[in-house]
Amino acid sequence: MTGYSEIARIAHLMRRAGFGASREDLEHYSDMGYEATVEELLNPELQPDYEDDLAYRYVPYYRMGTGIPSYQCYWMYRMISTRRPLEEKMTLFWHHVFATSHSKLNRNPQMNKQLKLLRSFAMGNFRTILLEISKDPAMIYWLDNCENHNGAPNENYGRELLELFSMGVGMDEGSNYSEEDVKECARAFTGWTMAPQLPRYPYGDYCWDFEYRTDDHDHGEKSFLGETGRFNGDDIVDIIVRQPATARFLSRHLYNFFVSDEPQVPSWQTTDPQDVDAIKALEDEYFRSNGDVRSMLRVLFNSEFFKNASYKKVKSPAELIAGVMRLVDDYTTPKPNSHEIAFAAAYMGQDLLNPPTVEGWHTGKEWIDSGALVERVNFAADRVGDISMPGVQRIVDRLSVNGPVIKAATLLDHALELVGPVEVSSDRRSELMTYLEKYKEIKCGTPEDMTNFESVVTGLLRLIVASREFQFA
Amino acid sequence: MTLLTKVLPSFKYSYTIGNQAVPPAHGFSGPVSAAVGADGLLYVLCSYYEYVPAWKFVVKCNMDEDYIKHFGSYGEGSGQFTWPNSIAVDSVGNVYVTDEWLNRISVFDSDGNLQQTRGTSGSEDGEWDRPAGIVFDSEDNMLVVDSLNHRIQKFSQNGEFLSKFGEFGSGQGQLDTPWGINLDKDGNVYVADWRNDRIQKFSPDGVPILQIGSSGSGDGQLTRPSGVAVDSEGYVYVADWGNDRVQVYDSLGSYVGQFNGDCHGYSKWAEARMASDPEGMSAERAVVTDFTIERVFFQPTTVRIDDQDRILVVDTGRHRIQIYEKQYN
C-alpha cells in the first residue's frame, strides 16, 4: 500500500479487530509486523486473560449484580481493558447478530451468562455456535422457545434462526427457505427449554440452565430444506450450516462488521454485496474450513479488501467509547463510576444488552443523528481535553520532543499521527491550521511554556476528535 | 499405652440474617464486611451499585435481626463511601470504615455520626495506598491492611503511627495485595494474603510464623482468600472468596473442613419480604425442585467470630450473613 505506513496499517487493524490501541501498543505491533499481529489477535488464548479478581474486588457487582447496568459497566470495562481485543470484539459481533435484550428477560445475570457464552465461542465453528445459542436460556426466553411445545409449536425461534441468525430471507433475489421450512424448524426445537428457577428475592438473582424435555419434543418426521427425517434441533443446525445461503449470510455479516458498512440485513435479499469478490472469498473459506470462523477472519484481515478499507466504517458507540478510553488510557484498570462510560453508549444509541429488536442495531450511517453526534463529539472531546489522563499526557510529551519551538504544521501532522493516525480532508486540515495559527509561537521549552503548550495541544486534540473523520474507523 | 486422638469439630448451620434490600427496607445489598459490637450489635458494610448512591451503606442491627438504622451513601463527601472495604468497632463502640478508593478511614460513633476521617495517600509511614482490612488489638491499637503497599500498619488509638511489617512478594512474610486481617486471643496477626492465595500468621510484633493454604480449589487450597477469623480454640476460618466457600484449619494450619453455605428457611427479613408478595414469589418457587443454588455461598468475603464463638459468614452475592456453630459430636 503505497504511502501507507506500517503504523497506519496496524492502527486500522486494531480499530477494526479491536477497540483501537495506544501509540505505544501500535509501535509494539508494528515491530511484530502485520501478519504476526493478525495471528496474535486470532489466538487470544496466548495472551493473559482479563484480571477478573481485581475487578470483582473493587466493583463487586461486576460479578453478582442484579441490575443490568452492572453488566453493561462490566462489559464496557472489558472492552477498554482487555488484552484479547479480537475476542472481545467478536463477542460484540455476536451480540449484534444474536441480538438479545434484557428488557424482556428481567433476569439480568442471564445476559452476562450469554456474554460469557458468546466470548467462549467467539472464533469457533459456526455449527457449534448455532447449537450453543439455541441452548442458551436467555435466547430461549427472548424468542419464546420455552413456549414451543409438542403439538403447539411456537415459531418465533425457528423463524429468527433462519431469518436473522444463519441464512437470511433470501439472496440473489431468491428465497432461501419457505414458510413450511420455518414450521418444520420450529417443530424440531420443541422441548428445548430451560429448567424453572428461583425468583430474584429474597437472596438475589439466579440464572436459568438449559433443559431438554424429550416428553415435550415432537419426535415426528419433518421435511426441512429438502431433507426428511425425524429431526431434532441439532439435525436442523447440521442442515443449515451446509447451505450456500449460510455461507453468504455469515460472510456478509463479517464484512459489514469488520470491513465496510453494508445495507441493513433485511435488504440483503435484494441488494447485492458491494464487493462480490470479497464475499466470495469468505464463502469459499467457510466451506473449505467447515465453518471455522477463525479461518474466515484470517482471510478477511489479511485481504487487500480489508487493508484498503481504512476509514470506511462509522464507529459504533461502543467502538468510539472504548477507542477513546484506550487512547487516553483511562479505565484500563478498575476505577469508580464506570457507569458514566457505559451509559454514554446508550446516549449515543447503543444500549448494550438492550438492542431495540431481535434484528439488532442498524449500523453505519444510522448510528449518526444530530443528537447522537453531539454526544459522540462531547464524549471524545471531554476525554482528550483532560490533561490528567495518562494517554493525553503521553501525547503532549511526545509532541513536545519537537520543541522548544514547534511550527504549527509540524504540530498538526504529529498530533494527527498520534491520535490515529487520522487522515483528514484538506478543508479539515485548513480548519485545524486556523486554530493553531492564532498562536504566534508554539513553545514548550520552559515549565511556563509547557503549561501553555498543554492547553494548545488539548485544544487541538478536542478539534481533531470532533472532526467528521474521527467518527469513522 | 493409650493413644490420644484429637477430636475435630464439625460446623452446623444455625440461621441467616439479611436479604437483598436497600434502606429503608430491611436488608443488605452486597455486604462485604461486618463488625460485631458489644451486646450483640452488628454493623454490616454494604458495597453495591455506584450508579445508585443509596446502595452503599452501613446497617446497624443485632444478632437477633432487629434492624436499628443505616448510615452512609456512595460518594466522596464526608461520611460517604466509594470503595468501602472493611468495618471494625473499637472498645468504646466507635465504628471504622476503610475505603480503598478514597484512601481514608471514616470514623463514626455508634449511631453513625461521622467523627473524623483519617489517612493520607502514599507509601511513607502512616500513609496508605488502598486501606483494606482493619482490626483493633486488646490495647485498642488499630491494625490496617495497606493493600497496594503490601504491608500491615499499626496505629495507636489516637492515630499515631506505631509500626509496620510486610512488603511485596510471595516469600515468607511478604504479601501481595492483602485484604482481610484478624487476631487470635494472643494477639497474633492473621492476614488474608489475597493474591498469594494463602493466609499468613504473624506474631504481634510482625514476625512471620505460619503460612496456611496454597493456590487451588482442593481441600485446604485457596483462591483469593479475602477474610480470616480465629475462634477461642485457635481454629482458623477463611473466606475462600474465589472458591465460594469457607475453609477451616487448626492452629497449626492443618486443614480441618469446609462449609459451602446451607441457608434454608428464611431470615426474619426474608420472611417479611415473602409475605409482601405471597402469590408471586411462592408461585415461582413452587415449580423449583432444586434449591441448592439458594443455599450456598456466592462470593463470601468476610468471616467474623462473636463472643459466643459463633461463625458469621458475610455472603456478599446473596446479600446475607450465614451463621454457623461449632460442635463436637
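## Terms and model

Two strands pair if DSSP finds at least two bridges between them. Helices (H or I, at least four residues) and strands (E, at least two) are DSSP runs, numbered from the N terminus.

This is a predicted model, where local features need pLDDT of at least 70, side-chain atom pairs count only at pLDDT 80 or more, and totals for chains, interfaces and linings use all residues. Residues are numbered from 1 along each chain as its sequence is written, while chains are lettered from A and ligands numbered from 1 in the order in which they are written.

## A four-stranded sheet in chain B

Chain B holds an open sheet of 4 strands. Their order is 14-15-16-17, and the pairing is antiparallel. Strand 14 (181-183) and strand 17 (208-212) of chain B each have a single partner strand, so they form the edges, with one side of each lacking a neighbour in the sheet. On average, neighbouring strands of this sheet are turned by 20 degrees against each other, direction ignored. The axes behind such angles are lines fitted to C-alpha atoms, for helices over the stretch in contact, and angles run from 0 to 180 degrees between N-to-C directions.

Strand 16 of chain B covers residues 198-202. Strand 16 joins strand 17 of chain B over 4 bridges, in the antiparallel sense. Gln200(B) faces Gln211(B), which sits in strand 17 of chain B.

## Chain B as a whole

Chain B has 3 helices and 24 strands. Its C-alpha trace spans about 65 × 60 × 35 Å along the principal axes.

Of the 329 residues in chain B, 45% are buried. Buried means that 20 or more other C-beta atoms, placed from the backbone, lie within 10 Å of the residue's own.

## Where chain B meets chain A

Contact means C-beta atoms, placed from the backbone, within 7 Å. By that rule, 33 residues of chain B are in contact with 20 residues of chain A. Helix 1 (268-276), helix 2 (278-286) and helix 3 (292-295) of chain B each give two or more residues to this side.

## One residue of chain A

Arg119(A) lies in helix 9 (residues 109-120) of chain A. Arg119(A) counts as buried because 20 C-beta neighbours fall inside 10 Å. Leaving out residues up to four places away in sequence, Arg119(A) touches Glu87(A) and Thr91(A).

Terms used:
A residue is buried if 20 or more other C-beta atoms lie within 10 Å of its own, exposed if 12 or fewer, and partly exposed in between; C-beta atoms are placed from the backbone. Two residues are in contact if their C-beta atoms, placed from the backbone, lie within 7 Å.
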